[in-house]
Amino acid sequence: MEARMKSVANPDVITAIQHLHKAIHAGGVDPLVLELVHLRASQINGCSPCVFAGVQSAKKHGETEERLHNVVTWRETPFFTEEERAALALTEAATRIQDGAPGVTDEIWDAAATHFDENQMSAIILNIAITNFFNRINHTIREQAGKTW
């Protein structure tokens, strides 16, 4: 499979994305939590370039191979904190919004809100949204794994 085009971004879009990333990282969330959120949403959506980039970025932030290999099965492993589990549950619920899916239930929201303040919740939600944004662009243009942006 080959990519359909090199990029869909123009300079204005790149600037907007940079501002979004700045806002996400200013939200006070541990960078490793943000990396886990990005990786899990990308796994759900089957976005190989974002999974690849997410793993590389998480490693740069000190994430371990053991945890990276188990993000997909985070519920069944002892490797994640309660805070991380709450962020991962929120990520899954916000990403899986197909017809009939329950979405973010009060239980999921309340669990996340127990661990994160309003600024942090905003950053996590924005991180989930921008990851889903990139996942959909990459699927549409058939972006390939292996690139670093």
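**Close-ups of a predicted model**

At 4% relative accessibility, E92 falls under the 20% cut-off, so this residue counts as buried. Keep in mind that everything shown here comes from a predicted model.

**View 1. E92 pairs with R40 in a salt bridge.** The two side chains meet at 2.7 Å, N to O. This pair ties together distant parts of the chain: E92 belongs to helix α5, R40 to helix α2, and 52 residues separate them. R40 has a relative accessible area of 5%, so R40 is buried.

**View 2. E92 also meets R96 in a salt bridge.** Here the N to O distance is 3.7 Å. R96 sits at 36% relative accessibility, so R96 counts as partly exposed.

**View 3. Helix α2 crosses helix α5.** The axes of α2 (residues 31-45) and α5 (residues 82-95) come within 9 Å and cross at roughly 35°, and the crossing is right-handed. On the α2 side, the contact residues include V33, L36, V37 and I44; among their partners in α5 are A87, L88 and T91. Sorted by type, the contact has 7 nonpolar, 3 polar and 4 charged residues.

**View 4. E63 and R67 form another salt bridge.** Their side chains meet at 2.5 Å, N to O, and both E63 and R67 are buried. In total, the structure holds 6 salt bridges.

**View 5. F133 and F134 make up an aromatic pair.** A search of the whole structure turns up 1 such pair. The ring centres of F133 and F134 are 5.3 Å apart with planes at 70°, so this is an edge-to-face pair. F133, at 38% relative accessibility, counts as partly exposed, and so does F134, at 24%.

Methods:
Residues numbered from 1 in each chain as written. Predicted model: local features only at pLDDT ≥ 70, side-chain atom pairs only at ≥ 80, totals over all residues. Heavy atoms only, no water. Phe/Tyr/Trp six-rings, centres within 6.5 Å; stacked < 30°, edge-to-face > 60°. Buried < 20%, exposed > 50% of the residue type's maximum accessible area, 1.4 Å probe, protein only. Axes fitted to C-alpha atoms, helices over the stretch in contact; angles between N-to-C directions. Helix = DSSP H or I, 4+ residues; strand = E, 2+ residues; numbered from the N terminus. Left-handed = near helix turned anticlockwise from the far one by under 90°. Contact = heavy atoms within 4.5 Å. Nonpolar A, V, L, I, M, F, W, Y, C, P; charged D, E, K, R; others polar. Salt bridge = Lys/Arg side-chain N within 4 Å of Asp/Glu carboxyl O.
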